[in-house]
Every structure is written in C-alpha cells, then in structure tokens.
Amino acid sequence: MDRERRWFSRGWLRLLAVGLGLSVLWPRLRGAPWLPMRKRAVHKLLALAEVGPDDRVYDLGCGDGRLIIAAARRYGARAVGVEIHPLRVLWCRALIALLGLRDRVRVVWGDLFSQDLSDASVVICYLLQRTNNKLETKFRQELAPGARVISKRFTFPGLHLVRQDEKEKLYLYDLES
C-alpha cells in the first residue's frame with residue numbers, strides 16, 4: 001500500500017509539473033510571453049489611441065489586466081481582456097471585482113485568435129511580430145472601418161499607420177473605410 005501511495009503522489013507531482021510547464025509555454029506559443037507594461041507606457045498607449053467613453057477596448061493577451069482597468073478607470077471606456085493563462089484570468093477577475101469595475105470590464109479566458117472582435121473600436125496588442133502578422137487578416141475581417149489597432153514594440157506592416165511614439169515603441173493603426 002505504501003508503494004501505491006508513493007507512486008500516486010509522485011504521479012500527481014509529475015502531472016502538476018507538466019501542467020505548470022504547459023501553462024507557461026502555451027501563451028508563448030499562441031501569442032507572446034507575459035511582459036508587464038510600465039504604467040507610463042500604459043497611459044501613453046491609451047492616450048495615443050484616443051480612448052474615450054464611447055470606446056470598446058479589447059486587450060489581446062491582457063496579462064494582469066492593467067490596460068483594460070486603466071481604459072475603464074481613467075478613460076471611461078468599456079473593456080474586454082482576452083487571456084489564455086488561467087491564473088492570470090483569475091487574478092484579473094478578482095482585481096476587477098475588488099475595484100468595482102465588473103459593469104465595465106471583463107476578462108475572457110481563451111485564445112485571442114478565437115475571440116470575436118466585431119464590436120471593438122480599439123484593439124491593443126503587446127504580442128510578437130509573428131502573432132501580429134497572423135492577426136492582420138482577422139482584423140480586416142472582423143473590425144469595422146475606423147477601428148483602431150495599437151501595438152507595443154511590434155508592427156502591422158499591412159495596416160494603415162496613423163501615428164507612432166518611437167520612444168515607447170507604440171504604433172497606432174486604423175482600418176480605413
């Protein structure tokens with residue numbers, strides 16, 4: 001019996017280790033590794049995109065939710081975060097509830113490539129270049145003319161560049177009519 005218990009407990013430890021490993025690798029394979037954005041860059045990004053109360057902001061790969069929370073609190077927008085990492089989703093949902101923002105901010109646990117973006121007026125991307133390249137077609141199919149896409153560090157070569165902030169490496173695009 002002791003031998004069975006040891007095998008069982010080691011099996012659970014192995015399963016837990018594999019699960020944790022996948023939870024770290026999966027976001028990197030599907031979009032980008034999590035790299036928190038500095039507060040100054042968050043506000044510059046939202047200001048550059050001219051986010052306001054009439055906007056529906058989507059943050060693809062929202063991480064800890066700092067962008068969607070700032071979009072709602074400081075700029076009055078409604079915001080949706082899409083995150084594939086389950087622990088970050090739980091963290092965001094708890095923080096949103098704690099801040100009393102459930103009526104204006106929500107976080108979806110899922111893959112950014114599967115998320116319907118048709119009601120977005122602003123889409124935020126802090127992803128990798130290969131991920132941005134894959135998203136261009138999705139944006140053209142789902143976003144309405146006039147929607148804005150803003151990216152940190154990596155670009156969207158096929159979209160119409162409107163403005164950029166070279167110091168922060170922010171790039172604002174719009175979907176032309």
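## A right-handed unit around helix H4

In this predicted model, strand S2, helix H4 (residues 86–98) and strand S3 (residues 105–109) build a right-handed β-α-β unit. How do the two strands of this unit pair? S2 and S3 run parallel, and five bridges link them. You can find one of these contacts by looking for glutamate 83, whose bridge partner in S3 is tryptophan 109.

## Strand S2 on its other partner

S2 also takes part in another right-handed β-α-β unit, together with strand S1 and helix H3 (residues 66–73). S1 covers residues 56–60, and it is joined to S2 by five bridges in a parallel arrangement.

Is S2 largely enclosed or open? Five of its six residues (78–83) are buried, so the rest of the structure largely encloses this strand. As you look along a strand, keep in mind that in a regular strand the side chains alternate between the two faces of the sheet.

Now let us turn to the cysteines. How many disulfides does the structure hold? It holds zero. Cysteine 62 is in no disulfide, and the nearest cysteine sulfur, which belongs to cysteine 92, is 4.2 Å away. Cysteine 92 is likewise in no disulfide.

Definitions and conventions: Residues are numbered from 1 along each chain as its sequence is written. This is a predicted model: local features need pLDDT of at least 70, side-chain atom pairs count only at pLDDT 80 or more; totals for chains, interfaces and linings use all residues. Side-chain values use heavy atoms; hydrogens and water are left out. A disulfide is a pair of cysteine sulfur atoms within 2.5 Å. Buried means under 20% relative accessible area, exposed over 50%, partly exposed in between (1.4 Å probe, protein chains only). Helices (H or I, at least four residues) and strands (E, at least two) are DSSP runs, numbered from the N terminus. Two strands pair if DSSP finds at least two bridges between them. A crossover is right-handed if, with the strands pointing away from the viewer, the path from the first strand over the helix to the second runs clockwise.
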